[in-house]
Amino acid sequence: MKTLEIKSLIGEYSFSELSEIEQRLVDHAKSATQRAYAPFSKYQVGAALLLDNGRIVEGSNQENAAYPSGLCAERTAAFYASSANPGVAFRKIAIAAWIKPGENENFEDGFQRNPVSPCGGCRQALLEYEHLYGDIEVILYGGDKIYKLPSIKSLLPLAFTEF
Ligand code: THU
């Protein structure tokens with residue numbers, strides 16, 4: 001028997017420690033939360049993708065009364081970006097989450113204090129673009145701290161890759 005170890009190195013940043021473009025990307029993710037359609041969960045997620053052509057594409061979660069028919073912010077952004085810019089690499093993604101202020105102490109000015117981390121389905125969907133175009137840096141925004149990871153695969157060890 002052998003034991004295999006999986007390691008992820010996560011950088012913890014403050015907003016001012018991010019580069020200028022990363023700060024802009026976080027601002028886009030935060031502003032995208034305000035365009036979420038989340039009447040059921042009331043949890044508004046925003047994602048912003050930096051493309052290789054310099055464009056920034058935003059997405060937000062879009063819910064539906066038939067619950068599974070809704071879509072997360074990250075996949076909304078990725079599918080929107082890829083359909084409008086086919087063949088263009090994704091370089092970075094930033095994610096933020098917001099709820100109505102004053103309702104939960106884990107949120108400040110509406111924004112989640114802890115870094116927001118994408119669900120498994122979004123990790124798998126983003127991984128496919130990473131395989132096509134190269135590593136996508138991940139910026140998980142939190143009001144108290146920001147996590148930065150070098151790639152989607154570092155968020156999804158032992159991923160399904162048979163495609
Ligand atoms: N959600 C996202 O948009 N991204 C995630 O990574 C996790 C969850 C959305 C889905 C749903 O609309 C709401 O947040 C509550 O789960």
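This is a predicted model: local features need pLDDT of at least 70, side-chain atom pairs count only at pLDDT 80 or more; totals for chains, interfaces and linings use all residues.
## The ligand and its surroundings

Oxygen atoms of the ligand take part in several polar pairings with the protein. A polar side-chain atom of E74 lies 2.7 Å from a ligand oxygen, while a backbone N or O atom of A73 is found 2.9 Å from an oxygen atom of the ligand. On the part of C119, a polar backbone atom is 3.1 Å from a ligand oxygen. Taken on its own, the ligand has 370 Å² of accessible area, of which the protein covers 74%.

In soluble globular proteins, nonpolar side chains tend to be buried together. Here the largest nonpolar core has 24 residues, and those with the most contacts inside it are L49, F90, I93 and V138. At least two residues of this core come from each of strand 2 (44-51), helix 2 (73-84), strand 4 (90-98), helix 3 (120-133) and strand 7 (137-140). Apart from this core there is a second, separate one of 14 residues, which includes L25, V26, W98 and Y141.

When residues up to four places away in sequence are not counted, V138 touches I93, Y147, K148, L149, S151, I152 and L155.

L155, one of the residues touched by V138, is placed in the segment after strand 8 (146-149). Its relative accessibility is 11%, and L155 therefore counts as buried, the limit being under 20%. L155 and Q124 are 31 residues apart in sequence, yet their C-alpha atoms are 9.6 Å apart in space.

A29 is located in helix 1 (residues 20-32), and it counts as buried because its relative accessibility is 1%. Leaving aside neighbours within four places in sequence, A29 is in contact with G46, A47, A48, A94, I95 and A96. The C-alpha atoms of A29 and I93 are 8.7 Å apart, although 64 residues separate the two in sequence. S82, which lies in helix 2, counts as buried because its relative accessibility is 17%.

Most residues other than glycine have a negative phi. D109, however, has a positive phi of about 55 degrees although it is not a glycine, and its place is the loop between strand 5 (107-108) and strand 6 (111-112). With a relative accessibility of 65%, D109 counts as exposed, because the limit for that term is over 50%.

L158 is likewise a residue other than glycine with a positive phi, in this case near 55 degrees. L158 is found in the segment after strand 8, where L155 is also placed. L158 has a relative accessible area of 79% and is therefore exposed, whereas L155 counts as buried at 11%.

Note on methods
Residues are numbered from 1 along each chain as its sequence is written. Side-chain values use heavy atoms; hydrogens and water are left out. A polar contact is a pair of N or O atoms within 3.5 Å; within protein, one must be able to donate a hydrogen and the other to accept it, and residues adjacent in sequence count only if both atoms are side-chain atoms. Accessible areas come from the Shrake-Rupley method with a 1.4 Å probe; for residues, only the protein chains shown count as cover. A nonpolar core is a set of buried Ala, Val, Leu, Ile, Met, Phe, Trp, Tyr and Cys residues joined through side-chain atoms within 4.5 Å. Buried means under 20% relative accessible area, exposed over 50%, partly exposed in between (1.4 Å probe, protein chains only). Helices (H or I, at least four residues) and strands (E, at least two) are DSSP runs, numbered from the N terminus. Contact means heavy atoms within 4.5 Å.
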